[in-house]
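Colleague: Could you walk me through reading a sheet and a core in a model like this one? I'd like the general idea before each case.

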Amino acid sequence: MHMMEFMTRYDFEKLSIATLASHSSLQIFHGAKMEGFRTIAIVVEDRLWFYEQFKHLIDYFVVLDSWRELCRKDVVKELQSFNAIIVPHGSYVEYVGLECAENIEVPIFGLRKLFKVEADQWAKMNLLQRAGIPIPKIYRISDKVDRLVIVKLPGAKGGKGYFLAKSSEEVVEGLRERMVEGLIKSFEEAMIQEYLIGVTAYFHYFYSPILNRVEILGADIRYETNVDGLRRLSQDIVKELGIIPTFIVVGNLPLVLRESLLIKILDYGVKFVEETKRSVPPGVIGPFCLESVINDKMDIKVFEFSGRIVAGTNLYIDGSPYSYLYWSEPMSTGRRIAREIKLAIQRNLIEKILT
Ligand code: AMP
């Protein structure tokens, strides 16, 4: 892989692991420390006090007034002076903006070219389809909606503004309301997907370019308000009160899957890696997540992916039932990232995991 100019000045024996203090950063810092790395928290002023409670996990704070300052020249220089590698998590692009996220002159653990794909809901679903992974039916705004659909707004805002609709008219009506609220600028920004009936399941993977294998590191269920609370009420009351389901994530619940499902799940992970190698070379590096619904025929459809560490991995700071099978020691996704960096250094293959 081509090393960018700024990377040639790095001392890879003295690396630091840096990330934005948010999302899964404590797990990332903890994992980095377990593997013996120096850590840097990039933090906004008003959160500093909180992260200072975890000083034993954080060696250095880069304090900003706002996340958008990350690409300021002096901040980048400071990170370079620490031989820092940025570990991008689920909030990274959302916080610093795509332009900075993609172009920052600090090595990224992961595939930076994937950020742009992830920012485009259609490109994302295309990638899954090309990988040969089953996905829900997708509608354009001009298509006739003939079943229950979920309408999704752009950006990783935890399901904010999503709604269900049963017809094209309901889709248009819902989108109009969201435009008035300023959540979207045009109807085309929204993605309309067949609403999948079944249970939601989110699979955490790790692709190791060093060991050349895909590992299943865990699985979770997102706990979403109010849709997950509605089952506590009778359907009659929900209908009578006209309660509308919403999909705002409030947390994550652990999930262990039927072992027979793991075969298909790993197959999807491998397919995903192979497709990213073809269409976004050199392909995904490290953690990624496929978000799915499993129906009563055990069919698994994937409605979304993340090319980075997801917050659901925070469940397994001490390792998961799956990560234990590979490593026989507590191995969180955060620690797995640090382990991959360590393995790459030992084998003189650092260029395989950085972009
Ligand atoms: P997302 O932003 O794509 O992660 O979606 C947020 C939440 O909406 C998910 O965690 C699911 O609960 C729900 N959801 C999204 N897409 C679908 C779908 N096609 N069918 C059923 N539920 C979905």
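Modeller: Two strands pair if DSSP finds at least two bridges between them, and strands (E, at least two residues) and helices (H or I, at least four) are DSSP runs numbered from the N terminus. This is a predicted model, where local features need pLDDT of at least 70, side-chain atom pairs count only at pLDDT 80 or more, and totals for chains, interfaces and linings use all residues. Residues are numbered from 1 along each chain as its sequence is written, and side-chain values use heavy atoms, leaving out hydrogens and water.

Colleague: Which residue stands opposite A18 in β4?

Modeller: I86 does. Strand β1 (residues 16–20) pairs with β4 in the parallel sense over 3 bridges.

Colleague: In what order do the strands of the open sheet run?

Modeller: The order of the 4 strands is β3-β2-β1-β4, with parallel pairing. β3 (60–64) and β4 (84–86) each have a single partner strand, so one side of each lacks a neighbour in the sheet.

Colleague: And what is a nonpolar core?

Modeller: A nonpolar core is a set of buried (under 20% relative accessible area, 1.4 Å probe, protein chains only) Ala, Val, Leu, Ile, Met, Phe, Trp, Tyr and Cys residues joined through side-chain atoms within 4.5 Å. The largest here has 51 residues, and L70, L79, Y92, F109, I341 and I353 have the most contacts inside it. Helix α12 (residues 333–346) gives the largest share, 5 residues.

Colleague: Which residues belong to the second, separate core?

Modeller: Among its 34 residues are V117, L127, Y207 and F272.

Methods
Buried < 20%, exposed > 50% of the residue type's maximum accessible area, 1.4 Å probe, protein only.
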